[in-house]
Amino acid sequence: MTTGLYGTYGGRYVPETLVPALDELEAGWREARADPDFRSELDELGRTFAGRPTPLTRADRFAPGRRLYLKREDLLHTGAHKLNNALGQAVLARRLGKRRIVAETGAGQHGVAAATVCARFGYECVVYMGEEDMRRQRPNVERMELLGAEVRPVEFGTRTLKEATSEAIRDWITNVETTHYLIGSCVGPAPYPEIVRELQSVIGSEARSQFLDAEGRLPGVVVACVGGGSNAIGMFAGFVDDTDVRLVGVEAAGAASLGTGHAGVLHGARSSVLADDDGQIVDAHSISAGLDYPGVGPEHAFLRDTGRAEYVRATDGEALAAFRDLTRCEGIIPALEPAHALARARDLEEELVLVCLSGRGDKDLEEVLAHRAG
Amino acid sequence: MIYLMAGADTPELARAAVDGGANIVELGFPFSDPLADGPVIRRAAERALAAGMRTRACLDCLARTRALAPETPLVPMTYASLLEAYGWDRFASDARTAGATSLIVADLPAGEQPELRRVQLVAPTSTDERIRLAAEQTDGWLYLVTLTGTTGARDDVSPALAGLVERARRFGDGVPLYAGFGISTPDHARAAAALADGIVVGSRAVQVAEDGPDALRNYVASLRHALDASRTATRFSQCGDRRRTVPTCRVTRRPHIRGARFAVPVSATRRSTRGSIAGARCSPIATSSSCATRIPATGRCPTVQRQRSGAWPIARC
């Protein structure tokens, strides 16, 4: 009966009200996946609207003496990989007959992607965002509002992504008959982790063939940042069967659900979470709003336990240094989230390195400048 | 049924609720991220956690409540994360030892962790198939979530309740149905109880409890009064003999709750349903003496015995 398991992780830990909607979503998803029109519509949208394929850029000055490549999801429309998922779920929502979208957002990148697809598809859009994140990511709030979304501040608890996700789920519980919950990462109850992974797997499959074109062989290591883990799971999807390719996820040191967390239940799934001994979720801390989340996708917990992927950490300071270096050495301003991946990618011993540059850093300028001044 | 958040004063509050006429007390074990709860219970949970109400303290609170309300079924309500951290079996066993009659886990729908015996919830969105599954797996009674939404007072009883009750009667195998979410006033109580077998009041009770045991007792009594008044009226009309009132004829039913130690008294106005309780059916028009003859004093009614999760009436008129 239990569905959507990755080992002992995943599942559906939600109030009963949502179970029929998840069943409906799962059926709609299976049908869509089997339908060639769904795939071709997504490919078309990717090419003509989102800007796929995104290029692979070699970063010689950033990583001298190595062959380090960046998968440029920062060049995707809206500035981050989040659009891959938002477009796919928007098409899915249309197939399910839902015309109202709720979403949560941390850094605002998923919120912007959700607002963007809602504008394009003509949906009503409500985005929940923690008050603290709204302060940190002001430009993205303004973008969402320009795009016609209603941004609802979440003014209690941690005032970050965790509470925003809870409120989005509560909205969904209340409006489940008309509303699709456009979750932004590979977290949440089944079938969400699978849907998001599949929709983000375009990153890994493109990067794999681009890397082969560039180098004639596969990278020794693939690196991506992990908050909820959607860019990483999409990137890893392209290489998980290539057992010689090392997979490394980089968490924020203050939000290392995989590194320092243990099994728990948060936002509808059993995964590795930051919780105390009583199962109470504890606050995460990261300079990067997108990584500031005490949970992670269940498939990552599974990949960690099986040893297929490794998860390491980068501090705020290390991420800021990598942010500065990539900006100065390569002329690319990364978001603070992938700056964590960049920070650790430099330490790895492999010669051939592939890093997912999941988003661009315009949204982070104020935060970075504030830290510099401080 | 009255919901209270676990806390230092909860045993006294629970006692007051019982004195006011509550038949069951639901005891909230707070969780940091309560998805099914609206603002009132969410804030109560935040305060409880800030006051140190972790799992161990909640179990102690349960045991103290049990001591003050020895006859009342007590049902902890919480979220899966607490059980995951404490250990599923250990939680169930320690809760039972502390006096729990059953358990409600708000984010554990029927089908997940089927080995954990608990009260299942059904919602207006539940399919007939899921209602059947929940009734099959539930521990004694079904919790009807009256609306699509989170906990919290509403202006009116949800219009979705009637349809849900109708389906739960049809597919629920005769399991008693208690309606909760959005019920806060005596009028709500009356309206919901006209459909379901019992009502659950949460957010409003938590708010009233902030004013202390007396306020809670009076509030619960106002609900009790509304329920009893409407039931007496039902009896009059069904019995057709206004001179022979039967205000105290009650049937004590013992839900088939594993580890249950206490009977659940309910007013004997239960509607006829598939596999209905023969004794209970007689009650609305029964006098004390006829009730005693029609419900075997030893309890087991043959039609009920066959029910998997049904209850058997014991005469106590």
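Where is Pro191(A) found? Pro191(A) sits in the loop of chain A between β8 (179-181) and α8 (192-215); helices (H or I, at least four residues) and strands (E, at least two) are DSSP runs, numbered from the N terminus.

The model is predicted, so local features need pLDDT of at least 70 and side-chain atom pairs count only at pLDDT 80 or more, while totals for chains, interfaces and linings use all residues. Residues are numbered from 1 along each chain as its sequence is written, chains are lettered from A and ligands numbered from 1 in the order in which they are written, and side-chain values use heavy atoms, with hydrogens and water left out.

View 1. Pro53(A) belongs to the loop between α2 (36-50) and β3 (56-58) of chain A.

**View 2. Helices α2(A) and α3(A) cross with a right-handed sense.** The axes of α2(A) and helix α3 (residues 82-96) of chain A come within 10 Å and cross at roughly 135 degrees. Axes are lines fitted to C-alpha atoms, for helices over the stretch in contact, and angles run from 0 to 180 degrees between N-to-C directions. This angle makes α2(A) oblique to α3(A); angles under 35 degrees count as roughly parallel, over 145 as roughly antiparallel, 65 to 115 as roughly perpendicular and the rest as oblique. A crossing is right-handed if the near helix is turned clockwise from the far one by less than a right angle, and left-handed if anticlockwise. From α2(A), Phe38(A), Glu41(A), Leu42(A), Leu45(A), Phe49(A) and Ala50(A) meet Leu83(A), Leu87(A), Gly88(A), Val91(A), Leu92(A), Arg94(A) and Arg95(A) of α3(A), where contact means heavy atoms within 4.5 Å. The contact of α2(A) with α3(A) has 9 nonpolar, 1 polar and 3 charged residues. Here Ala, Val, Leu, Ile, Met, Phe, Trp, Tyr, Cys and Pro count as nonpolar, Asp, Glu, Lys and Arg as charged, and the others, Gly among them, as polar.

**View 3. Helices α9(A) and α10(A) cross with a left-handed sense.** Helix α9 (residues 230-237) and helix α10 (residues 298-306) of chain A have axes that come within 10 Å and cross at roughly 55 degrees. That makes α9(A) oblique to α10(A). Ala232(A), Ile233(A) and Phe236(A) of α9(A) meet Glu299(A), His300(A) and Leu303(A) of α10(A). By class, this contact has 4 nonpolar, 1 polar and 1 charged residues.

**View 4. Helices α6(B) and α7(B) pack in chain B.** Helix α6 (residues 128-137) and helix α7 (residues 160-171) have axes 9 Å apart, at an angle of about 60 degrees. The two helices, α6(B) and α7(B), are therefore oblique to each other. Their crossing is right-handed. Asp128(B), Ile131(B), Arg132(B) and Ala135(B) of α6(B) meet Leu164(B), Arg167(B), Ala168(B) and Phe171(B) of α7(B). The residues of this contact divide into 5 nonpolar, no polar and 3 charged.

**View 5. A salt bridge between strands of chain A.** Glu124(A) and Arg100(A) form a salt bridge, their closest N and O atoms being 3.6 Å apart. Glu124(A) lies in strand β6 (residues 124-130) and Arg100(A) in strand β5 (residues 100-105), so the pair ties together parts that are 24 residues apart in sequence. A salt bridge is a side-chain nitrogen of Lys or Arg within 4 Å of a carboxyl oxygen of Asp or Glu. Over all chains, the structure holds 59 salt bridges.

**View 6. The interface of chain B and chain A.** Contacts join 39 residues of chain B to 37 residues of chain A. The two chains bury about 3,000 Å² between them, 51% of it on carbon and sulfur atoms; buried area is the accessible area (1.4 Å probe) that two parts lose on being put together, summed over both. The rule finds 4 salt bridges across this interface. Arg130(B) and Glu16(A) meet through their side chains in a salt bridge (2.8 Å, N to O).
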